[in-house]
Structure formats: C-alpha cells, structure tokens
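Let us walk through this structure step by step. Keep the sequence and the 3D view open as you read.

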Amino acid sequence: MATQATTVAPKLFTRQSIRGQQRSRQLVDKLMTGLITTCAALAVAMLLFILVYVIIRGAPALNFAFFTERPLPMGEVGGGVAPAIIGTLLIMGAAALMGVPVGIGTAIYLAEYGRGRFATIVRFVIDLIAGVPSIVVGVFVWALLVRQVIGHFSGFAGSVALAIIMIPIVTRTVEEVLRLVPDMYREASLALGVPQWKTIIAIVLPTAKSGVITGVVLSMARAGGETAPLLLTALGNQFFSFDLFQPMAALPVQIYNYAVSPYDDWHTKAWGAALILIMVVGLLSFITRQVTRGRGLGGR
Amino acid sequence: MHAIPDPPAPAPQPVAQRRSGENVGDRVFRSSTIVLAAVNPLILGMLALLLFIDGWPALQKEGLSFLATTTWDPVFTEFGTAHFIFGTIVTSLIALVLGAPIAVGAALFLAEYAPDWLREPVSYIIEMLAVIPSIIYGLWGFFVLAPFMRATVEPFLREYIGPLPVIGALFSGPAVGKDMLTAGVILAIMILPTITSIAREIIKAVPDQQREGMVALGATKWEMITGAVLPYARAGIVGGVMLGLGRALGETMAVTMVIGNSSAQITPSLFNPGYTMASAIANQFREADSDIYFSAIVAVAVVLLFVTAIVNGLARLLIWKMARGPVGLRI
C-alpha cells in the first residue's frame with residue numbers, strides 16, 4: 001500500500017511530465033473519493049432498502065387481532081402472534097433476571113476492584129463468550145437442559161441461552177460507564193469515612209445510573225432478536241402458554257416458522273412480526289443511543 | 001456494538017486499596033462481586049467441557065473422517081462434515097471479499113471524507129445494520145434477495161464470467177437463488193457494520209502528524225490515505241475484518257434461510273445449494289433421535305466453536321496490538 005506514494009516522483013522532471021503526472025494523480029484522487037463515497041452510500045442504501053421493504057410488506061399484517069389472537073392452524077386465514085409476543089417478553093424477563101445481576105456484578109468487579117491475574121482472566125473470558133456463535137450457545141443449553149436436566153424444550157432453557165448471550169454485553173457497557181465516574185467522587189466519599197461498598201452502591205452506581213440502564217436495555221435489544229438459540233431451546237408454540245417449563249413461542253422463531261411455510265397469509269404475518277420486532281429493537285437502540293450520547297453518564 | 005478504543009485502562013482507584021482496614025461489609029461486597037465475576041469462566045468452562053463430552057462419541061467413532069469426508073448419513077451413522085466446513089468457509093470468504101472493501105471504504109468515508117453534518121447520521125445508519133436481528137436478514141434474503149439473485153444476478157454472472165477459463169467454474173450450473181453465493185451476499189451485508197465501526201475507530205486513532213507529513217509533501221488525499229493512514233492502521237483493520245469473519249462463521253438464521261440446505265457434494269460452483277456448520281445444526285437438531293446422531297450434531301458445534309475461537313482470538317490480538325491497551329477494543 002505504501003509503495004504508491006513513494007513512487008510519485010518521476011525520474012525525469014520536465015514541465016510536461018510533471019503536469020501530466022499531476023493530472024493523473026488528481027484524477028486518481030477524484031476517482032477514489034467517488035468510490036469511497038459510493039461505499040458509504042451503498043451501506044446506507046442497503047439499510048434503507050431493507051427497512052422500507054419490511055415496513056411495506058409488514059404493515060398490511062398489522063391489525064388488532066394480530067396482537068391479541070393466537071396463530072390459527074394451517075390454511076385458515078386470520079389469527080395473530082400474541083403468544084409469541086408474550087413468550088418473547090417472558091423469556092426476555094427471565095433471561096434478564098439471570099443475566100443482568102451477573103453482568104453488573106462482573107462489571108463492578110472489573111471497574112472497581114479488577115486488577116491482577118483473575119481480572120485479566122475474566123476480561124479475556126468475557127471477550128471469548130461474546131465471540132461464541134449464538135447457535136453454539138443454543139447447542140450447549142439444548143444438550144444440557146433440553147436433553148438432560150429438564151428433558152424437553154422449554155421457555156426457561158431459552159432464557160438461560162439468552163442470559164449467556166446478554167452477560168458480555170451488559171458487562172462491557174456497564175464497566176465502561178463505571179469507569180467514566182470521576183475518581184473524585186469515590187475519593188470524596190471514602191474521605192468521609194464511607195466504606196468502599198457503600199461508596200459503590202450509594203455514589204458510583206447512582207451516578208452511572210442511566211448508563212447502567214442503557215447497558216441492560218441494549219443487551220435485551222440484542223438478545224430479543226436472537227433466533228437460533230431459541231429455536232434449539234424454546235422451540236415455539238402455537239398456543240398461549242405462561243409456563244416457562246413448557247415449549248414457548250417467541251417472535252423470532254415465529255417469523256422463521258411463518259417464513260418457511262408455503263402459505264401467502266403466513267408470509268404476510270412473517271413480515272408483520274418482523275416489523276414489530278424491528279420497531280421494538282430499533283426503538284430500544286435509538287433510546288439507548290440518545291441517552292448515552294453527549295452526557296455519557298447522565299444522572300446528575 | 002460500539003467500537004471505542006479503550007484508554008490504556010487507568011489503574012482503578014489507588015485510594016481503594018486499603019485492604020487491611022477492610023470492614024465486614026466491604027469483604028462481603030467484594031467477595032460477592034468476585035463470585036459473580038467467577039460465573040463467567042464457569043459458564044465458558046461448562047460450555048466447552050459439556051460440548052466436548054457430548055460430542056466425543058461421534059468424534060471418536062469417526063476420527064479424522066469427521067472432518068475429512070462428506071457423507072452425512074444419520075441412518076447408517078456415518079458422519080462426515082467436510083461439506084459443512086466447506087460451506088462455512090466459502091460463504092464467509094464471499095462475505096469478506098464483497099463486504100470488507102465496502103466496509104473499509106465506508107469507514108474511510110466516515111473518518112476522512114464525510115463533512116461534519118453527515119458523519120453522525122451515516123455512522124448511526126451503519127450501526128443500525130448491526131442492530132437488525134439476523135432473522136430479518138433471513139426473511140429479506142428469503143423473499144427478496146434470493147429471487148433477485150436467481151432471476152438477475154446469477155444468469156448475468158453465468159453469461160459473462162462463466163465462460164472465462166478458471167473463475168468461470170465458480171459461476172456455472174443452474175441459477176437456483178438459494179445457494180452459497182446468496183448466503184455470502186447476505187453475510188457481506190451483516191458483517192459490514194462490524195468491520196466499519198472498528199475500522200473507523202482505528203483510522204481515527206492514526207495520529208494527525210502522519211497525515212500532515214504526507215500532505216506537506218504535496219500528496220493528494222488518496223495518496224495520504226494509502227501512504228500514511230492505511231499502513232499505520234493496517235493491523236487494526238485486519239483485526240476488524242477478522243472479527244467480521246468471526247461473525248460470518250457463526251451466523252445461523254440468515255444463512256439457513258438462503259443457502260438451500262442441501263447436502264450436495266463439494267463442487268466449485270457457487271450456484272450450488274449447500275450447508276454451513278451452523279445451518280446444519282439448525283436444520284438437524286430436531287431429528288437427533290439416536291445418541292450418536294445427537295453426539296454428531298454437538299461435535300459440529302465443537303468444531304464451529306473451535307474455529308470461531310481461533311479467528312476471534314487472532315482478531316483481538318491484532319486489534320490489541322494496534323490499540324496498545326491491555327483491554328483493547330470493545331466490540
């Protein structure tokens with residue numbers, strides 16, 4: 001890459017050769033400017049194309065019944081995806097109950113105490129977990145809970161899989177915002193004789209409150225769209241179910257099942273469900289972005 | 001996934017290190033955060049161990065032929081996964097070839113070319129690409145991209161590139177639409193934001209003196225980029241590309257929906273439907289009725305885990321080297 005710049009100077013300097021060279025250099029420069037702008041435009045166009053398409057195809061599916069009724073059997077037109085919406089909420093809630101405390105606890109450890117070899121190991125492990133493909137997490141929970149401990153597909157198994165996916169996201173975001181809390185706050189509190197644990201709970205965490213919430217919401221937005229691990233664990237369900245220890249419907253799985261079916265009505269429903277999913281996920285990340293931007297800490 | 005180059009991890013609060021005077025509350029709180037932090041290695045250890053134990057029977061039965069043969073026949077309990085591995089590698093490579101240049105170009109645009117008012121919205125939109133759930137890429141690929149590939153792109157490629165001597169073999173055979181090429185294109189879109197956000201941060205981290213030196217010598221902007229910015233940022237950008245590769249290797253739903261899922265044998269044509277490791281798992285787990293079949297599916301997950309761990313590890317190493325901080329980049 002570096003060679004191009006060093007070969008700029010020609011062997012023989014005549015007025016003409018310099019001018020010709022300059023012109024071609026400028027031409028290349030213009031060309032590359034155009035090319036690079038095209039790259040960015042292409043990426044933007046891609047997103048807009050997908051978004052607009054989901055909206056156009058999905059909007060006709062949305063009506064009152066879509067949010068309140070259960071899916072009808074094959075061939076019947078009508079029905080909705082209410083069990084999938086409820087299922088996603090329940091599975092996400094249970095996943096958050098498991099994943100968020102671990103994530104926040106780990107982040108506090110790393111930001112407030114984290115030194116030495118154990119902290120290095122934990123950081124490395126968090127990076128590794130974040131890199132594990134979600135399908136592999138799914139296979140792990142499937143092999144452990146679905147095939148052995150519980151014995152059948154269940155919403156709870158789905159929650160465990162999603163919790164594992166959430167932990168690294170929560171940990172990284174929260175650790176980062178905790179580090180943004182100025183040390184002065186901690187020092188002032190400690191100087192007043194407040195023990196360190198109280199300093200963390202009463203000073204550091206409240207200061208970083210909105211950042212912590214952002215991390216949690218962001219992780220839920222990410223995990224809520226996961227399909228592969230849920231397919232292997234929660235499986236899906238056509239009926240209303242509030243029992244976490246039974247197979248449970250979830251929005252992404254429902255989209256998949258509808259999409260690969262041969263019915264036009266179900267395809268429309270797949271787009272409708274996709275529109276709901278994309279709106280929820282997009283809204284959550286939009287809010288988190290607004291909160292984190294500018295005032296990294298928020299709070300006071 | 002915000003890619004923010006970490007400051008060289010400030011030593012956390014020297015004030016807090018008075019261990020001797022620690023009271024009971026401190027000890028309890030400290031220990032409980034350590035316990036919570038210890039959950040992570042525990043999960044990872046369990047995951048790796050359990051997958052390995054469950055996958056062992058199949059690995060032991062098949063030996064090396066698990067990786068080297070292409071017969072996946074649960075009925076006769078023959079499990080060769082070479083064609084799954086082939087599909088994973090080919091689709092990921094297509095994704096890199098198509099996606100990485102565009103991603104780096106977009107990163108250059110954001111870091112070097114974009115006017116201030118355009119920078120924020122464009123980088124936000126590109127980050128949105130990372131937020132879209134993979135099932136929606138799958139849905140879009142299934143109903144929009146695959147038919148388009150079959151009707152327009154693939155016949156075009158076959159007609160114009162197909163007759164060429166060596167590369168022509170890549171674009172031969174009937175255009176199916178749901179094949180490796182389409183899967184690669186979907187993956188290219190999906191890994192784009194990952195690579196762009198890291199490359200952008202890395203390019204921003206190049207010191208301005210590098211640029212100024214080049215410009216002072218009379219270089220054009222493009223010469224400045226190739227002469228000063230890219231050589232400096234190379235390791236980090238390659239790291240970003242490899243993280244994108246890690247994402248492509250493990251991506252499941254979007255690929256499953258467009259790759260055709262047919263265990264055709266390994267051929268050079270990209271118009272062939274195929275399987276990746278991830279899509280094979282997603283398609284077959286429900287049929288795992290015998291213990292050895294179950295074990296074989298888990299073993300595929302083990303191979304996938306192993307490959308992605310290596311790729312991600314290398315990627316992080318490169319980015320760390322670039323960022324020169326103990327924590328490296330947050331992805």
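Are Glu112(B) and Arg211(B) buried or exposed? Both are buried. Keep in mind that this is a predicted model.

These two residues also form a salt bridge, with the closest N and O atoms 2.8 Å apart. The pair links distant parts of the chain. Glu112(B) sits in helix H3 of chain B, which covers residues 82–113. Arg211(B) sits in helix H7 of chain B, residues 208–216.

Now step back to chain B as a whole. Its secondary structure comes to 11 helices and 4 strands. The chain has 331 residues, and 57% of them count as buried. Take the contacts in chain B between residues at least 6 apart in sequence: 73% of these join residues at least 24 apart. The accessible surface of chain B comes to about 13,400 Å². Carbon and sulfur atoms account for 69% of that surface.

Next comes the partner, chain A. How many residues of chain B are in contact with chain A? The count is 99 residues of chain B, against 96 residues of chain A. The size of an interface is often given as the accessible area lost when the parts come together. Here the two chains bury about 9,000 Å² between them. Of that area, 73% is on carbon and sulfur atoms.

Polar links cross this interface too. The rule finds 2 salt bridges between chain B and chain A. One of them joins the side chains of Arg25(A) and Glu223(B), at 2.7 Å from N to O. Across the interface of the two chains there are also 10 residue pairs in polar contact. Which element of chain B gives the largest share of the side that touches chain A? That is helix H1 of chain B, residues 24–62, with 19 residues. By class, the side of chain B that touches chain A has 67 nonpolar residues, 18 polar ones and 14 charged ones.

Salt bridges also occur within single chains. Over all chains, the count comes to 15. Start in chain A. Arg179(A) pairs with Glu175(A), the closest N and O atoms being 3.0 Å apart. Both residues lie in helix H7 of chain A, residues 155–180. They are 4 residues apart, about one turn of the helix. How exposed are the two partners? Arg179(A) is partly exposed, with a relative accessible area of 23%. Glu175(A) has 2% relative accessibility, so it counts as buried.

Chain B holds a pair within one helix as well. The side chains of Asp116(B) and Arg119(B) meet in a salt bridge of 3.6 Å, N to O. Both lie in helix H4 of chain B, residues 116–131. Here the spacing is 3 residues, about one turn of the helix. Asp116(B) counts as exposed because its relative accessibility is 63%. Arg119(B), at 27%, counts as partly exposed. Shared partners also build a network: salt bridges join Glu127(B), Arg200(B), Glu201(B) and Lys204(B).

Turn now to Gln284(B). This residue lies in helix H10 of chain B, residues 277–284. Its relative accessible area is 7%, so Gln284(B) is buried. The side chain of Gln284(B) makes a polar contact with the side chain of Tyr293(B), at 2.6 Å. Leave aside the neighbours within four places in sequence. Gln284(B) is then in contact with Trp72(B), Tyr275(B), Tyr293(B) and Ile297(B).

Finally, look at the backbone. Most residues other than glycine have a negative phi. Thr77(B) has a positive phi of about 40° although it is not a glycine. Where is Thr77(B) found? Its place is the loop between strand E2 (72–73) and strand E3 (78–79) of chain B. At 25% relative accessibility, Thr77(B) counts as partly exposed. Chain A has a case as well: phi of Leu235(A) is near 70°, a positive value. Leu235(A) lies in the loop between helix H11 (228–233) and helix H12 (251–259) of chain A.

Technical notes:
Residues numbered from 1 in each chain as written. Chains lettered and ligands numbered in written order. Predicted model: local features only at pLDDT ≥ 70, side-chain atom pairs only at ≥ 80, totals over all residues. Heavy atoms only, no water. Contact = heavy atoms within 4.5 Å. Buried area = accessible area lost by both parts, 1.4 Å probe. Salt bridge = Lys/Arg side-chain N within 4 Å of Asp/Glu carboxyl O. Polar contact = N/O pair within 3.5 Å; in protein donor to acceptor, adjacent residues only side chain to side chain. Helix = DSSP H or I, 4+ residues; strand = E, 2+ residues; numbered from the N terminus. Nonpolar A, V, L, I, M, F, W, Y, C, P; charged D, E, K, R; others polar. Buried < 20%, exposed > 50% of the residue type's maximum accessible area, 1.4 Å probe, protein only. Areas by Shrake-Rupley, 256 points an atom, 1.4 Å probe, with all protein chains shown as cover.
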